[in-house]
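Please find below a short note on the model under review.

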Amino acid sequence: MKIRSTHLVPALAALALVACSADPADRFARAQDAFENHRYDEARLDLVSGLKDRPGDVAMLDMLARTQLALGDGEGAHASLERLEAADGLPGDAPLLFGEAALLRRQFDEAIEHVAPEKSAEAWRIRAVARVGKGELAEAGKAFGEGAARDDATSRLLADYAIFALGNGALARARELVDRALEVEPDGLDAQLAQGRVAIAEGDLGVALTAYDSALKRYPDNPTALIGKAGVLGDLGSFDEAEALIGDAAGRMSNSSDIVYLRARLAGARGDWAKARDIIQSNERALADRDDAQILYGEALVELERYELARATLQPVLRRQPRNAYARRLMARAKLGSGDAGSALATIGPLADRAEASQADLALAARAAQETGSAKAKAYRDRARVPSPASLAAEVATADAAMKAGNWREAISAYERIIAATGEENVLVLNNFAFALGQSGNPKRGLQYARRALAMAPENPSVLDTVGWLLIETGGDRDEAIRLLEKAAKLAPRNRAIADHLRQAKAR
């Protein structure tokens, strides 16, 4: 269910570690310290070195096997466990260790066989992951459920179960399982990584960023956490920071499809669609099974006016995901660009004919209808020019529900659509948009919109609170922030959130 890291310690550092002591006991002590602090590459280096002098040392072999599992080296772990078995030194949890090594080697039947006599939650986790690997999803769900129902359910099992639930569209169940995983082990790597994934699905980028930061604090070399954080930063528009993290992770996982996709997505976010196309083209095989990468490739081709190729790329995706609105919009643009306006209208029509249709969908439908001579062109144009009450009401309802649920990404998207349609005239919209940006980890952009709201409503306590708190969050003028928060508290003395912000600001 996870990607484990395998990377090299720089050569000089490795030599220094080996040279500082020739005593196997000292090497083992260093390895123990490195293992306990999650520096698995250092631990492996010292253990391999120490075993050259003591090839049958059971304690070192045991730790080496566990280190290799942590690094995702299934073949190495299996070999170390076989050496332990030959030395009659297998630990009590050997079936689980053999099972985990088999999972990493994609020997799923072997993994199930190793844990067959075991009844622990971890044994059920291994069975479940093996079933996922075999494509037996119903059986995987049953195995996860058996493990989660046990008193010894581990954070790792619950986290893997959460990712499985998320993949099956059960977001509420995934959230429940992540919360349980965090209760069992608040700082656990698996729980934090699952928290990041689920928070992204919920649209709460701030929580996702915190989760990945927490994982990296304890596991600084973990590439999955690096990739996750880079993706969130890209979503928040922090492109330079995201690019630095992607480069860091690429040094550990150069062949990862996640790294390739993120690099292409970042290029597209910067408007360099030729680069995005080239990245995906040169990694076609690695990305072949990823619909998100194919949609991104289709978008790059549309932007580069390679319309026929875009159509060929997007068609299989739409067969698999006929309700994917984003892919449908891109396909309509590709068809329109290639001169097939009739087919473009048929593609975008289901979206444009909805009462809550977006202005972009209506404009696209109007253009397609105009080119086909359809009588619907004028109606589409009129609706695109003046947002209907239904479409605006739908956007406001979406934004309001997202704000209440803490789904900041969805709230931001909805407010962006509202502002695009109505302009920056509504104080409540600007203030809520600013607040959502701050909550999602982008307080600097949020402060810009909050100040615009403040210029329109300088006596509104909610706006005063938003500006004041975002000044604190961005490291801005503290005196101004406290002055604004004090004014907000005076205007709304019973507002607990404003009082809390004022107290926290004064304590900093």
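1. Basis. The model is predicted: local features need pLDDT of at least 70 and side-chain atom pairs count only at pLDDT 80 or more, while totals for chains, interfaces and linings use all residues. Residues are numbered from 1 along each chain as its sequence is written, and side-chain values use heavy atoms, with hydrogens and water left out.

2. Helix α13. Helices here are DSSP runs of H or I with at least four residues, numbered from the N terminus. Helix α13 spans residues 205-218, 14 residues in total, and reaches 20 Å from its first C-alpha to its last. That is close to the 20 Å expected at 1.5 Å a residue, where the expected span is 1.5 Å times one less than the number of residues. Its buried residues (under 20% relative accessible area, 1.4 Å probe, protein chains only) include L205, L209, Y212 and L216. Among the elements that cover the buried residues of α13 are α12 (189-202) and α14 (223-235).

3. Nonpolar cores. A core is a set of buried Ala, Val, Leu, Ile, Met, Phe, Trp, Tyr and Cys residues joined through side-chain atoms within 4.5 Å. The largest has 39 residues, and Y415, F433, Y449 and V467 have the most contacts inside it. Elements giving two or more residues to this core include α24 (389-405), α28 (461-473) and α30. A second, separate core of 35 residues includes A111, Y161, F164 and L182.

4. Individual contacts. With contact taken as heavy atoms within 4.5 Å, and leaving aside neighbours within four places in sequence, V467 touches L447, A450, R451, L454 and L484. H501 is found in helix α30 (residues 496-507) and is buried, at 14% relative accessible area.

5. Rings of Phe, Tyr and Trp (its six-membered ring) pair if their centres lie within 6.5 Å; planes under 30 degrees apart count as stacked, over 60 as edge-to-face and the rest as tilted. The structure holds five such pairs. F144 and Y161 are stacked, at 5.1 Å centre to centre and 5° between the planes. F144 and F164 are tilted, at 5.3 Å and 40°. F144 lies in helix α9 and F164 in helix α10, so this pair ties together parts 20 residues apart in sequence. Ring pairs link F144, Y161 and F164 into a cluster.

6. Charges over rings. The criterion is NZ of Lys or CZ of Arg within 6 Å of the ring centre and within 35 degrees of the ring normal. The charged end of R127 sits over the ring of W124, 4.4 Å from its centre. R452 lies over the face of Y449, at 4.4 Å from the ring centre.

Terms used:
Buried means under 20% relative accessible area, exposed over 50%, partly exposed in between (1.4 Å probe, protein chains only).
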